[in-house]
Amino acid sequence: MTSENAPAGGRTPRPSRSWRPRVPTLPEDPPPGPFRPEFWRSPIRGPWLTSVLGLILLAGVPIVAITGLLSYAAYNPWLPLNDLTPGKGLLGFYLFDWPTNPPWLYRLTQGTHVILGLTLLPVLLAKLWSVIPKLFAWPPVRSAAQALERASLLLLVGGAVFEFVTGILNIQLFYVFPFSFYPAHLYGAWIFLGALAVHVALKMPRVVSTLRTRGLRDLRTNLADTRPEPPDTSGLVSPAPAPPTISRRGLLAFAGGGALAVFALSVGQSIDGWLRRTALLAPHGRVYGTGPNDFQVNKTAASVGVVAEQTGAAWRLEVMGPRPVRLSRADLLAMPLYTYALPIACVEGWSTQRDWTGVRLADLARLAGAAPGHTQVVVRSLQRGGVFSRVTLSATQVADPRSLLALRVGGADLSLDHGYPARIIVPNAPGVHNTKWVRMLEFSPETA
Ligand SMILES: Nc1nc2c(c(=O)[nH]1)N[C@H]1C(S)=C(S)[C@@H](COP(=O)(O)O)O[C@H]1N2
Ligand SMILES: [Mo]
């Protein structure tokens with residue numbers, strides 16, 4: 001108490017302090033370190049830089065979000081066996097019968113989802129860097145309104161980081177997180193999108209006014225002429241700016257260059273031909289087979305326990321329906337065969353178009369006494385257990401004449417790793433629904 005009563009430098013002590021009982025309050029002064037505004041000294045932080053980075057993200061993130069939500073729809077999760085997120089509740093409100101046309105649509109949407117998502121990562125990091133002082137606002141809670149704003153920012157930043165981290169780990173086939181990717185990435189997306197909508201509504205006025213007053217002249221300002229923005233209430237402008245070491249346009253070029261580099265080194269995974277070899281950030285430089293079978297394999301036969309004894313001469317395809325049949329590979333090869341150029345497009349973003357030859361699913365349905373048009377099919381693999389072992393294809397997919405039980409690719413027999421003796425190829429279906437090592441097709445009346 002004595003120190004409080006001793007006025008420093010001749011200032012009058014505040015009389016109220018001397019008699020009022022001391023109640024614990026938040027200290028006026030922030031603790032040292034990052035909680036002090038002077039700790040953050042970059043002279044280029046401010047509403048302008050944050051606004052520009054925010055607008056770039058705002059142009060790209062909705063595309064990533066929409067293509068991601070479309071990817072979920074592409075799984076036709078309304079069909080039995082297909083839903084990997086049974087707890088989705090109302091989040092599936094927009095689901096629809098995923099079409100088979102155009103056959104390259106999923107290749108485009110999912111390639112865009114993954115590659116644009118990767119490309120935006122450097123911009124996201126620059127944006128987070130630009131607002132980092134706000135993370136250390138002091139006092140942490142000043143008012144109810146500010147507490148709400150901070151909570152929404154936690155969901156926004158946490159949601160963004162969560163979506164990028166789970167997405168990137170998933171495309172590396174690096175399933176280290178202790179939960180299933182599909183529901184986590186879907187729920188995380190909705191949390192992030194909700195917080196993003198609030199954030200955009202709250203910040204857009206400031207973005208507009210900042211760009212109105214400051215314009216784009218910082219895009220022409222070099223390092224020597226770089227000055228801090230005038231002090232304001234945004235909490236972004238340093239009260240103690242250091243001399244600049246990079247201009248604002250330099251920082252934008254750095255983030256943009258990073259984004260371009262990521263794009264250039266990954267886009268090849270979704271393009272056929274020599275450009276594929278430029279995808280240095282994607283699985284590359286590997287041989288997956290010989291001749292026409294030399295294209296991407298995620299899961300080899302050996303890795304899932306499918307062995308040559310199961311796929312040899314004793315293999316039979318069970319076709320269930322009103323009139324069940326069992327077919328050998330020779331029986332299938334004796335049926336009318338069709339060849340279509342169709343892509344395999346993996347949820348991880350890579351895709352490739354191949355010439356597939358095989359028997360129409362619609363013909364197999366008819367053979368088993370089912371009427372294509374109102375018939376769906378459960379496909380079962382020799383592979384046991386897990387999401388790859390079975391899938392339900394919709395009536396739309398069964399009826400499409402290009403939906404094949406493929407026996408050959410590029411004129412050669414399928415290799416064991418590509419699903420020999422027979423695999424599914426459906427136009428515009430996500431890769432994961434193109435089941436390999438098929439052992440059974442169960443045709444049944446359409447359920448939805
Ligand atoms: N039985 C089975 N079928 C499968 C898979 C699998 O692991 N097992 N992988 C699926 C996935 S995710 C894709 S993208 C395509 C291509 O996978 P691949 O690269 O492993 O051939 O096949 C699909 N069919
Ligand atoms: Mo996949």
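This note goes through the helix packing, the aromatic contacts and some backbone details of one structure.

1. Ground rules. This is a predicted model, in which local features need pLDDT of at least 70 and side-chain atom pairs count only at pLDDT 80 or more, while totals for chains, interfaces and linings use all residues. Residues are numbered from 1 along each chain as its sequence is written, chains are lettered from A and ligands numbered from 1 in the order in which they are written, and side-chain values use heavy atoms, with hydrogens and water left out.

2. H3 and H4. Helices (H or I, at least four residues) and strands (E, at least two) are DSSP runs numbered from the N terminus. Helix H3 covers 47-74 and helix H4 covers 105-130. Their axes come within 8 Å and cross at roughly 150°. Axes here are lines fitted to C-alpha atoms, for helices over the stretch in contact, with angles from 0 to 180 degrees between N-to-C directions. H3 and H4 therefore count as roughly antiparallel. Angles under 35 degrees are roughly parallel, over 145 roughly antiparallel, 65 to 115 roughly perpendicular, and the rest oblique. The crossing of H3 and H4 is left-handed; that is, the near helix is turned anticlockwise from the far one by less than a right angle, and clockwise would be right-handed.

3. What lines the H3 and H4 contact? The contact residues of H3 with H4 divide into 16 nonpolar, twelve polar and one charged. Nonpolar covers Ala, Val, Leu, Ile, Met, Phe, Trp, Tyr, Cys and Pro; charged covers Asp, Glu, Lys and Arg; the others, Gly among them, are polar.

4. H6 with its partners. Helix H6 spans residues 144-171, and its axis comes within 8 Å of that of H7, crossing at roughly 140°. H6 and H7 are therefore oblique. Their crossing is left-handed. The residues of this contact are 14 nonpolar, eight polar and three charged. The axes of H4 and H6 come within 11 Å and cross at roughly 140°. H4 and H6 are therefore oblique as well, and their crossing is left-handed.

5. Aromatic pairs. A pair of aromatic rings is described by the distance of the centres and the angle of the planes. Rings of Phe, Tyr and Trp (its six-membered ring) pair if their centres lie within 6.5 Å; planes under 30 degrees apart are stacked, over 60 edge-to-face, and the rest tilted. The count comes to eleven aromatic pairs. One of them joins Tyr75 and Tyr182 edge-to-face, at 5.5 Å centre to centre and 65° between the planes. This pair links distant parts of the chain: Tyr75 is in the loop between H3 and H4, Tyr182 is in helix H7 (residues 181-214), and they are 107 residues apart.

6. Around Tyr182. Is Tyr75 buried or exposed? Tyr75 is buried, at 5% relative accessibility. Tyr182 is partly exposed at 23%. The cut-offs: buried is under 20% relative accessible area, exposed over 50%, partly exposed in between (1.4 Å probe, protein chains only). Tyr182 also pairs edge-to-face with Phe181, at 5.6 Å centre to centre and 80° between the planes. Phe181 is buried at 11%.

7. Other ring contacts. Phe35, Phe39, Trp40, Phe136 and Trp138 form one aromatic cluster. Arg45 lies over the face of Trp129, 4.2 Å from the ring centre. The charged end of Arg360 sits over the ring of Tyr338, 3.6 Å from its centre. A charge sits over a ring if NZ of Lys or CZ of Arg is within 6 Å of the ring centre and within 35 degrees of the ring normal.

8. Backbone exceptions. Most residues other than glycine have a negative phi, and most peptide bonds are trans. Trp138 and Pro139 are joined by a cis peptide bond, with omega about -5°. Pro139 is in the loop between helix H5 (132-135) and H6. The bond from Tyr420 to Pro421 is also cis, with omega near 10°. Pro421 is in the loop between strand S8 (412-413) and strand S9 (423-425).

9. Positive phi. Asn76 has a phi near 45° and is in the loop between H3 and H4. Asn76 is buried, at 0%. Leu81 has a phi near 80° and lies in the loop between H3 and H4. Leu81 is partly exposed at 35%.
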